[in-house]
Amino acid sequence: MITISPTIKRADFITEHQLSKIISDETLKTSKLIHIKAKEYLIFQDSQISHLYFLVKGKLQVERYETNGNKVVFSFENAFSILGDLELFQNGDEHDRIYNTIQAVTDADLLAIPLSIIRKKEINSPLFLQFICQQLSKKLYNASQLHSSASYSVEYKLRRYLSFVEKQYGVNFKLENRESLAAMLGVSVRQLNRTLSKLIKDKIIELKGKQIKILNTALLLSSYQK
C-alpha cells in the first residue's frame with residue numbers, strides 16, 4: 001500500500017464529491033490518499049479496521065471466506081463507494097473487526113480518514129449521518145438485487161446480474177473475473193461459462209474477450225422463466 005503525497009489530488013477529490021459539505025475541514029485535514037495495486041488486499045476479514053475509505057479511482061472486490069473454505073463475493077465496488085461505513089457504528093474499541101476482505105480488481109486510489117476522528121468529530125452531525133444512511137441504503141438495495149435469487153436457475157441469476165449492470169453502465173461493459181462472478185452468483189465457473197455461451201447463441205449478448213454487449217435488453221429478463 002502506497003501513500004500518495006500530493007495534496008492537490010486529495011483536494012480535487014474532496015471538491016469533486018463535495019465532501020466539505022458533509023465532513024468538517026478539521027476532519028478532512030486528517031485524511032490521506034492511498035494507492036493499492038491490482039490484486040493487492042486493502043484489508044482482510046476479521047482484522048481491525050482503522051479508517052473510513054472513499055474509493056477515488058479503480059475497482060474493488062468485497063469478498064469473504066466461510067468456515068468451509070468457500071469464497072463468497074458480495075459486490076464489486078466502483079468510485080464513489082465507501083468502505084468501513086458498517087463498522088463505523090461498532091463500539092470503537094480494540095475488538096472492532098471488519099466482516100469482509102477487500103481486494104483491488106484494478107489499481108485503485110482511496111481517500112482514508114481515521115475512524116477514531118470520524119467517531120469523535122462527525123458521528124453526531126445530521127448531514128454526515130444522512131450521507132452515511134444514503135450509502136448504506138444503496139448497498140442494501142444493490143445486495144437485494146444481486147443476491148435475492150439464490151434459489152433460481154443459473155441462467156436466471158446471470159440474466160438478472162447482466163440486467164442490473166446494464167442499468168448502471170449501459171449496454172457495453174467489461175465482464176468481471178469469471179471466478180469472482182461465479183462466486184457472487186453462487187454457481188460454478190463451468191455453469192457460468194455454459195450459460196454465457198447459451199446467451200450468446202440466443203443472440204441476447206455478444207462477448208469479445210472481456211467486453212460484453214447486450215444485444216437485446218427487452219429479452220434479457222422478460223422472456224425467461226425463473
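What is the order of the three strands in the open sheet, and is their pairing parallel or antiparallel? In this predicted model, the order is 10-12-11 and the pairing is antiparallel. Strand 10 (172-174) and strand 11 (205-208) are the edge strands, each of them pairing on one side only. Averaged over the sheet and with direction ignored, neighbouring strands are turned by 25 degrees against each other. Three bridges join strand 10 to strand 12 (residues 211-214) in the antiparallel sense. Across this pairing, asparagine 172 stands opposite lysine 213 in strand 12.

Helix 5 packs on this sheet and touches strand 10, strand 11 and strand 12. The direction of helix 5 makes about 110 degrees with that of strand 10.

Helix 5 (residues 154-169) also packs against helix 6 (residues 178-185); their axes come within 10 Å and cross at roughly 110 degrees. From helix 5, the residues Lys157, Leu158 and Tyr161 take part in the contact, and they meet Leu181, Met184 and Leu185 of helix 6. The residues of this contact comprise five nonpolar and one charged, with no polar residue.

Elsewhere in the chain, aromatic side chains were examined. The count of aromatic pairs comes to five. One of them joins phenylalanine 13 and phenylalanine 80, with the ring centres 5.8 Å apart and 55 degrees between the planes, a tilted arrangement. Phenylalanine 13 belongs to helix 1 (residues 7-16), whereas phenylalanine 80 is in the loop between strand 6 (71-78) and strand 7 (82-83); the pair therefore ties together parts that are 67 residues apart in sequence. Phenylalanine 13 has a relative accessibility of 2% and so counts as buried. Phenylalanine 80, with a relative accessible area of 17%, is buried because the cut-off for that class is under 20%.

Phenylalanine 80 also pairs with phenylalanine 54, and here the rings are stacked, at 5.9 Å centre to centre with 15 degrees between the planes. Since phenylalanine 54 lies in strand 4 (residues 51-57) and phenylalanine 80 in the loop between strand 6 and strand 7, this pair ties together parts that are 26 residues apart in sequence. Phenylalanine 54 is buried, as is phenylalanine 80. Phe13, Phe54 and Phe80 belong, together with Phe131, to one aromatic cluster.

Technical notes. Residues numbered from 1 in each chain as written. Predicted model: local features only at pLDDT ≥ 70, side-chain atom pairs only at ≥ 80, totals over all residues. Heavy atoms only, no water. Phe/Tyr/Trp six-rings, centres within 6.5 Å; stacked < 30°, edge-to-face > 60°. Helix = DSSP H or I, 4+ residues; strand = E, 2+ residues; numbered from the N terminus. Buried < 20%, exposed > 50% of the residue type's maximum accessible area, 1.4 Å probe, protein only. Axes fitted to C-alpha atoms, helices over the stretch in contact; angles between N-to-C directions. Contact = heavy atoms within 4.5 Å. Nonpolar A, V, L, I, M, F, W, Y, C, P; charged D, E, K, R; others polar. Pairing = 2+ DSSP bridges.
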